[in-house]
Every structure is written in structure tokens, then in C-alpha cells.
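This report describes a sheet and some of the helices around it. Please look over the sequence and the structure before reading on.

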Amino acid sequence: MTDQAEALRQKLATVTSSKGHPKTIAVISGKGGVGKSNISLNFSIALSKYGKKVLLFDMDIGMGNIDILMGISAQYSIVDLFDNDLKIYDLLIKGPEGIDYIAGGNGLSSLFKLDESSSDYLLEQIQQILNHYDYVIFDMGAGMSEENAKFLLAMDEIFIITTPEPTSITDAYSAMKYICMFDQSIPFYLLVNRAQSESEGLQTLKRLKQVANQFLVKEIFQLGVLLDDKTVQKAVSHQIPFILYSPKSVISKSLQDIMSNYVENYVEKNRVQARENQSFISKLQRFLGF
């Protein structure tokens with residue numbers, strides 16, 4: 001056990017969120033390469049700078065890269081819960097601006113095919129730490145499957161990341177359609193990344209919103225637009241989150257505005273009707289079938 005893990009264990013043992021159940025958010029994309037993990041990381045940091053306690057959970061098992069984006073080497077990942085019989089406290093990494101992080105690692109591609117004993121242990125471990133946070137953000141792997149759909153159905157909200165490219169738009173719609181096959185009630189938030197102009201991004205938001213409303217009978221909340229910005233590539237090269245690498249850049253200011261708008265107008269003013277009053281763990285247990 002690392003000294004850092006022990007320090008986090010002691011801290012979490014004495015600090016509990018006053019908000020009750022944390023808000024759980026899954027960040028998804030219909031396809032890879034749209035900047036999903038970068039947005040998950042930088043949005044988490046923005047929330048933390050806003051005064052929220054945030055846990056970022058890398059669920060892109062086997063292909064997780066958030067630790068690389070932070071320039072942090074993760075000693076353990078979720079795989080070690082089973083392979084090395086560790087506790088979830090041992091997996092926690094202290095990230096920039098006070099966020100906590102759990103690495104995805106590799107070799108656990110069949111998360112929802114674990115036997116009942118292992119699944120019970122995973123849920124028990126997650127439950128130990130959830131209520132220490134205001135937000136728990138799950139950076140999911142790209143694409144949809146029945147296995148990760150079960151996980152998504154337990155979330156409070158789903159952020160969908162797309163770009164203006166036609167294939168990305170089509171894949172984002174397909175992801176929404178797939179989730180709606182199981183549950184129409186989960187709030188969807190849409191963010192357009194790498195737009196060449198504000199008008200292009202807004203047009204993409206409008207297009208997807210209309211299509212979802214018409215064919216899925218589903219309301220989509222618009223998070224906003226992030227313009228294509230060379231700052232991101234430079235930040236990735238330096239392994240520093242772009243919101244910290246260049247706080248005054250266009251994309252950093254835009255993401256900060258998106259986060260503020262989300263918290264102040266969607267969360268704190270309760271513009272989105274709350275889902276059924278069950279904890280994330282309770283919902284996940286039900287969808288996993290035990």
C-alpha cells in the first residue's frame with residue numbers, strides 16, 4: 001500500500017459529502033477519437049476548482065489514457081481489486097486541483113461477466129467511497145454494448161460527446177438510441193467538440209436535438225460547443241490538462257463556462273427532473289441482476 005493511498009484512506013474516513021448521494025455522470029461517445037477522455041478530465045478539474053469534490057473513474061478498460069493526460073503513472077488500476085486483492089482506497093490517485101482518480105488499467109474487458117462474488121465485492125468497494133464526493137464521473141469506453149449499457153442505466157446523467165463530422169453525429173445518435181431502448185428517463189447532455197466555428201457547433205447541437213426529439217421522443221440538454229484549439233494538442237504533448245496548461249485559452253474559458261452553466265442552471269436550479277430516488281449502487285445491483 002502506498003503512502004498516498006493511506007493518506008487518502010484516512011482523509012475519506014473523516015470527510016463525507018453533505019449532499020447525500022453523489023451525482024453520477026457517464027461520459028460517452030458513439031466512436032473513439034472525439035476527445036471524450038480529455039473532456040472528462042478537464043471538466044472534472046473545472047468542477048473541483050468550482051469547489052466540488054470529484055472522483056474521476058476511468059472505465060475505458062484496457063485503453064484508458066487519463067493518467068497519461070495528467071502525466072501521472074498509476075501504480076494500480078481497477079484490475080488490481082481482483083488480481084492483487086486490493087481495496088478501492090489503494091487505487092485512489094490524487095490528481096490535479098484536488099480531484100481523485102481511479103485508473104482503468106487493462107485485462108478486465110468483461111466487467112459485467114464477473115461472477116456474483118466478484119461483482120458483490122466490486123460494488124461493495126465502490127459503495128465505500130461514493131458518498132465522499134459531490135460528483136463521480138465515469139469516462140466510459142467508446143461504443144455501446146449490452147454490458148456497458150447496464151452500467152449506464154444506473155447513472156444519474158449521461159454526457160454525450162460528438163464532433164461536427166457526419167460519422168460522429170451518426171454514431172452519437174446511435175448511442176442515444178441504444179440507451180433509449182432500455183430507459184427513456186436518463187437525462188442526456190450533448191457537447192460538440194472540435195467545431196471549426198461557433199455556428200458549426202450550434203448547428204450540430206440543433207440537428208441532434210431535433211432528430212432525438214422527433215425519432216426518440218427524447219429531450220436533449222445542450223451543454224455547449226468547444227472550438228478546435230491547438231492548445232489541446234500542446235497540452236497533451238506536455239501531459240498537462242489543457243485547463244491548467246493554458247487557463248486563458250479559448251477552449252479553457254469555454255469549458256469553464258460550460259461547467260458553470262451546467263452547475264448553476266441545470267443542477268442547482270433543478271431544471272432537470274431528478275430520476276428515481278435510488279442510489280447508484282442500488283440501481284446498478286438491480287441492472288446486474290442480483
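Contact here means heavy atoms within 4.5 Å. Helices (H or I, at least four residues) and strands (E, at least two) are DSSP runs, numbered from the N terminus. The model is predicted, with local features needing pLDDT of at least 70 and side-chain atom pairs counting only at pLDDT 80 or more, while totals for chains, interfaces and linings use all residues. Residues are numbered from 1 along each chain as its sequence is written, and side-chain values use heavy atoms, leaving out hydrogens and water.

**The sheet**

An open sheet with mixed pairing is formed by eight strands in the order β3-β4-β2-β5-β1-β6-β7-β8; two strands pair if DSSP finds at least two bridges between them. β3 (93–94) and β8 (220–227) each have a single partner strand and stand at the edges, so one side of each lacks a neighbour in the sheet.

Strand β7 (residues 188–195) is paired in parallel with both β6 and β8, as the table shows.

| Pair | Bridges | Direction | Opposite residues |
|---|---|---|---|
| β7 and β8 | six | parallel | F188 and I220; V192 and V225 |

Seven of the eight residues of β7 are buried (under 20% relative accessible area, with a 1.4 Å probe and protein chains only), so the strand is largely enclosed by the rest of the structure.

**Helices and the sheet**

β6, helix α8 (residues 166–182) and β7 make a right-handed β-α-β unit. Another right-handed β-α-β unit is made by β7, α9 and β8. Right-handed means that, with the strands pointing away from the viewer, the path from the first strand over the helix to the second runs clockwise.

Helix α9 (residues 198–216) lies across β6 (157–162), β7 and β8, at about 160 degrees to β8. Helix α12 lies across β1 (23–28), β5 (135–140), β6, β7 and β8, and runs at about 165 degrees to β8. Angles run from 0 to 180 degrees between N-to-C directions, and axes are lines fitted to C-alpha atoms, for helices over the stretch in contact.

**Helix against helix**

α12 (residues 250–267) also packs with helix α2 (residues 36–49), at an angle of about 60 degrees and with the axes 10 Å apart. From α2, the residues N42, F43, A46, L47 and K49 meet L255, Q256, I258, M259, Y262 and V263 in α12.

Note on methods. Buried < 20%, exposed > 50% of the residue type's maximum accessible area, 1.4 Å probe, protein only.
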